[in-house]
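Here is my notebook on a structure that was new to me.

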Amino acid sequence: MAYLLPLCLTVLLCMTGQLTLNNEDSVEVQLDRPFLYFGTWHTKLYLARNGFLAFFQPLLPDANPDPHIAKDIIAPLWTDIETNNTGIISYEQATSGNLIEAVTNDINMLFPGVNFSASWVFLCMWRRVHLGHDAGEANFRVLLISNDDDESYIFMIYDGIPPTDQVWLAGYSAKNNINFVNIPVHNITDLSSGTNVEIEGRWVFKVQRRGYDDCEKLHCTKNEVCVERSEFYGCDCSTNHTRPRAETFDASETCESSSGSLYLSRCQLFEAGYPAELLHLNDFKCKGKIEDDQVVFSFDNDDNICGTILKRNETHIIYENSVQFFGNGDTGLISREKWLNITFSCVYPLIQSISMPMVIEAKNGVVSKELSTEGSYEIRMLPFPNASFIEPYSGNVTLDVNQEIFVAVAVDGVDKRQIAIVLDSCWATPDNDMNNTHRWPLIVHECPSAKDSTVKVLQNGISTVSSFSFKMFTFTGQSESIYLHCKVHLCLLVGGDCAQHCDNEGQRRTTKRPLDFHDTTAITMGL
């Protein structure tokens with residue numbers, strides 16, 4: 001298999017365009033055939049000492065690398081270059097012969113099926129040049145290639161690049177576009193060891209209209225640069241991009257009720273070979289959305305279920321989905337394509353405890369539990385004067401002994417179509433200590449206490465609101481105030497036996513409890 005490198009070394013012997021350029025100078029070269037570059041035909045170019053070809057006459061400011069130049073420029077290594085006594089800058093054009101044959105073979109081998117036949121080649125070489133005064137010798141070259149079907153390629157070939165502290169750019173740009181397309185490396189020495197065509201030091205790009213149109217649509221941020229990898233254009237990470245959690249693509253997650261979102265770094269994904277437009281959730285129709293430099297994958301229980309799986313274990317309920325990439329979608333016994341699977345979930349504990357003091361006055365109490373990678377919800381206990389549960393008590397309220405009071409316990413921030421709240425037990429104490437052993441039971445095992453015939457469980461385990469009533473009392477010889485406490489848990493309505501049945505004596509009928517009984521919240525209210 002013959003590649004471009006050995007042939008190009010022999011071409012130097014017959015080059016007619018060997019140059020001697022002063023620092024920051026360029027020379028005008030008339031092209032033997034027009035070259036189509038991102039929709040514009042060019043009949044001449046300017047070969048610059050500082051490692052670039054320009055389709056405009058470079059001025060003094062153009063000698064410095066500028067990622068926002070927005071002009072037609074091809075820059076295999078745009079930096080301060082010195083030739084000293086040994087460096088040679090030379091060029092050659094060909095419309096037939098060995099060079100044409102070599103590049104034709106190379107393109108057809110690198111891109112099978114394109115059936116490409118080169119009709120013109122422009123080759124420029126920088127040999128034994130120095131990057132500044134102290135760096136070692138650098139050798140690189142660039143080829144412009146076209147055929148009679150208006151197809152254009154550029155080859156950038158690096159035979160050895162020394163390290164340097166100078167500012168440099170390697171890639172290409174087009175007029176009226178703000179993004180310079182960088183060769184995707186972080187260190188200058190990687191130019192000669194990296195590749196986008198599986199041959200070290202070789203970088204090949206098709207420079208027709210499509211590529212730069214794709215860059216314009218991507219809207220890469222200031223922390224990203226537009227590059228081409230394996231015929232996909234994407235936003236790669238720039239040198240000033242930070243990576244606080246690079247092992248997980250800087251993942252972060254938010255959860256609320258039955259919805260969840262996963263945020264991933266777009267440039268880190270692309271850098272690893274996973275273009276954002278090819279990623280999806282369990283449902284392949286659910287793609288990510290771009291927000292600044294992140295790809296956001298979201299699901300909810302309305303119109304974007306996206307293949308979300310609802311699970312439960314002995315402590316939590318879990319909404320689970322995954323971000324997936326399966327290369328070309330191979331379905332055979334084996335595959336050598338890259339694949340990606342990032343599973344994320346929203347986790348909710350199913351039992352909670354909450355206290356809400358309300359001495360004499362009817363005061364609401366709310367507890368909000370924020371969980372690191374879990375969702376959050378609120379549980380409230382409210383007193384009402386009657387069974388309509390329309391207006392709760394408020395302000396200063398005096399309740400007579402033996403007066404019936406109605407209590408609602410509600411959970412907010414969960415999906416009411418899937419989750420119910422269950423009153424496991426409720427009791428009263430003479431103070432705001434839910435662990436006080438001096439207590440009066442009101443609800444036991446989800447049913448009215450056998451010790452208090454005034455207790456009625458009005459609703460329990462059928463929605464996000466449960467309620468009960470009892471007649472007011474005081475603790476003999478103690479404060480006239482009482483405090484109510486309830487232990488509650490959340491229950492999955494689908495597949496869960498959330499609503500228990502009580503017999504005439506207030507005892508719960510024995511039923512098999514599903515795995516929906518988890519962590520605890522006690523809620524307290526003073527009366």
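**Terms and ground rules**

I began with pairing: two strands count as paired if DSSP finds at least two bridges between them. Helices (H or I, at least four residues) and strands (E, at least two) are DSSP runs, and they are numbered from the N terminus. The model is predicted, and local features need pLDDT of at least 70, side-chain atom pairs count only at pLDDT 80 or more, while totals for chains, interfaces and linings use all residues. Residues are numbered from 1 along each chain as its sequence is written, and side-chain values use heavy atoms, with hydrogens and water left out.

**Entry 1: the four-stranded sheet**

I looked up L262 and found F297 of β18 standing opposite. Strand β16 (residues 259-265) and strand β18 (residues 294-299) run antiparallel and are joined by 6 bridges. I then traced the open sheet around them, which has 4 strands in the order β15-β16-β18-β17 with antiparallel pairing. Its edge strands are β15 and β17 (289-291), each pairing on one side only. On average, neighbouring strands here are turned by 25 degrees against each other, direction ignored; axes are lines fitted to C-alpha atoms, for helices over the stretch in contact, and angles run from 0 to 180 degrees between N-to-C directions.

**Entry 2: the three-stranded sheet**

Next I followed another open sheet, with 3 strands in the order β19-β20-β21 and antiparallel pairing. β19 (309-312) and β21 (340-349) are the edge strands, and each pairs on one side only. Neighbouring strands of this sheet are also turned by 25 degrees on average, direction ignored. I noted 4 bridges between β19 and strand β20 (residues 316-325), which run antiparallel. Which residue is the bridge partner of R312 in β20? I found I317 there.

β13 and β14 pair in the antiparallel sense over 6 bridges, and I saw E228 opposite Y233 of β14. How much of β14 is buried? I noted 5 of its 6 residues as buried (buried means under 20% relative accessible area, exposed over 50%, partly exposed in between, with a 1.4 Å probe and protein chains only).

Both strands turned up again when I checked the second largest pocket: β13 and β14 each supply at least two residues of its lining. β13 gives the most, with 4 residues. A pocket, on a 1 Å grid over the protein atoms alone, is an open set of points where a 1.4 Å probe fits, with protein on both sides within 12 Å along at least five of seven lines, and lining residues have an atom within 4 Å of a point. I noted about 530 Å³ of space in this pocket, a volume being the space filled by probe spheres set on the points.

The lining has 24 residues, and P67, N182, V225, S238 and T239 lie nearest the centre. By class I noted 13 nonpolar, 8 polar and 3 charged residues.

**Entry 3: salt bridges**

How many salt bridges does a search of the whole structure find? The search finds 8, a salt bridge being a side-chain nitrogen of Lys or Arg within 4 Å of a carboxyl oxygen of Asp or Glu.

- R33 forms a salt bridge with D148, with the closest N and O atoms 3.4 Å apart. R33 lies in strand β1 (residues 26-37) and D148 in the loop between β8 (137-147) and β9 (152-160), so the pair ties together parts 115 residues apart in sequence. R33 is partly exposed at 33%, whereas D148 is exposed at 64%.
- E151 forms a salt bridge with K206, with the closest N and O atoms 3.4 Å apart. E151 is in the loop between β8 and β9 and K206 in strand β12 (residues 202-206), 55 residues apart. E151 is buried at 18% relative accessibility, and K206 is partly exposed at 32%.
- D415 and R417 meet through their side chains at 3.0 Å, N to O. D415 is buried at 5% relative accessibility, and R417 is partly exposed at 48%.

**Entry 4: positive phi**

H219 has a positive phi of about 55 degrees, and F249 has a positive phi near 60 degrees. H219 is found in the loop between α3 (209-218) and β13 (224-229), and F249 in the loop between β14 (232-237) and β15 (252-256). Are these residues buried or exposed? H219 counts as exposed because its relative accessibility is 60%, while F249 counts as buried because its relative accessibility is 14%.

Note on methods
Nonpolar A, V, L, I, M, F, W, Y, C, P; charged D, E, K, R; others polar.
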